[in-house]
Amino acid sequence: SEYDPLNVLPNPYYWAGNEPDILSAYLFNFAGRSDLTQKFVRWNMENRYTINPDGLPGNDDYGTMSAWFIYGALGFYPLTGSDIYFIGSPIFEKVTIRRPSGDLNVISHNAGLIFVRNVTTVSYTHLTLP
């Protein structure tokens with residue numbers, strides 16, 4: 001196997017497989033830099049996750065790492081214990097999440113691009129996009 005300094009433990013900066021670190025890429029939103037959130041979330045998805053048997057970084061305890069990827073792919077991420085969702089970088093043109101309270105549709109007009117230019121919502125008011 002090839003040496004990868006980003007997967008050596010302990011990594012003094014960030015390790016995608018360490019569950020306490022999974023919110024780190026989204027914290028740029030608090031500094032008004034959603035562009036950096038979008039950049040690093042997409043980078044993690046493209047460089048730390050694969051379709052191979054070892055395609056998840058770290059241990060997928062109860063699906064935590066898989067859920068991180070799914071939220072990243074959808075383009076939003078929940079702040080635990082609140083009704084706040086961070087804006088990320090969706091990879092799909094359209095996704096419908098069926099819920100008892102009504103469908104949630106995520107539509108991206110440029111899903112191949114990393115950066116989100118604007119967001120339109122119908123019922124969510126807590127967005128972190130400068």
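Figure 1. Tyr 71 counts as partly exposed, at 29% relative accessibility; the term covers values between buried, under 20% relative accessible area, and exposed, over 50% (1.4 Å probe, protein chains only). Phe 76 is buried, because its relative accessible area is 12%. Tyr 85 has a relative accessible area of 27% and is therefore partly exposed. Residues are numbered from 1 along each chain as its sequence is written, and side-chain values use heavy atoms, with hydrogens and water left out. Because the model is predicted, local features need pLDDT of at least 70 and side-chain atom pairs count only at pLDDT 80 or more, whereas totals for chains, interfaces and linings use all residues.

**Figure 2. Aromatic pairs and the aromatic cluster.** The whole structure contains 10 aromatic pairs. Rings of Phe, Tyr and Trp (its six-membered ring) pair if their centres lie within 6.5 Å; planes under 30 degrees apart are stacked, over 60 edge-to-face, and the rest tilted. The pair of Tyr 71 and Phe 76 is edge-to-face because the planes stand at 70 degrees, with the ring centres 5.8 Å apart. Phe 76 also pairs edge-to-face with Tyr 85, at 5.5 Å centre to centre and 70 degrees between the planes. These three residues belong to one aromatic cluster, which includes Tyr 26, Phe 30 and Trp 68.

Figure 3. Just after H2, Gly 75 has a positive phi of about 95 degrees.

**Figure 4. The largest nonpolar core.** A nonpolar core is a set of buried Ala, Val, Leu, Ile, Met, Phe, Trp, Tyr and Cys residues joined through side-chain atoms within 4.5 Å. The largest has 11 residues, among them Ile 22, Val 41, Tyr 49, Trp 68 and Phe 86. H1 and H2 are the elements that give two or more residues to this core, and H2 supplies the largest share, 3 residues. Apart from this core lies another, of 5 residues, including Leu 74, Phe 76, Val 95 and Val 106.

Notes: Helices (H or I, at least four residues) and strands (E, at least two) are DSSP runs, numbered from the N terminus.
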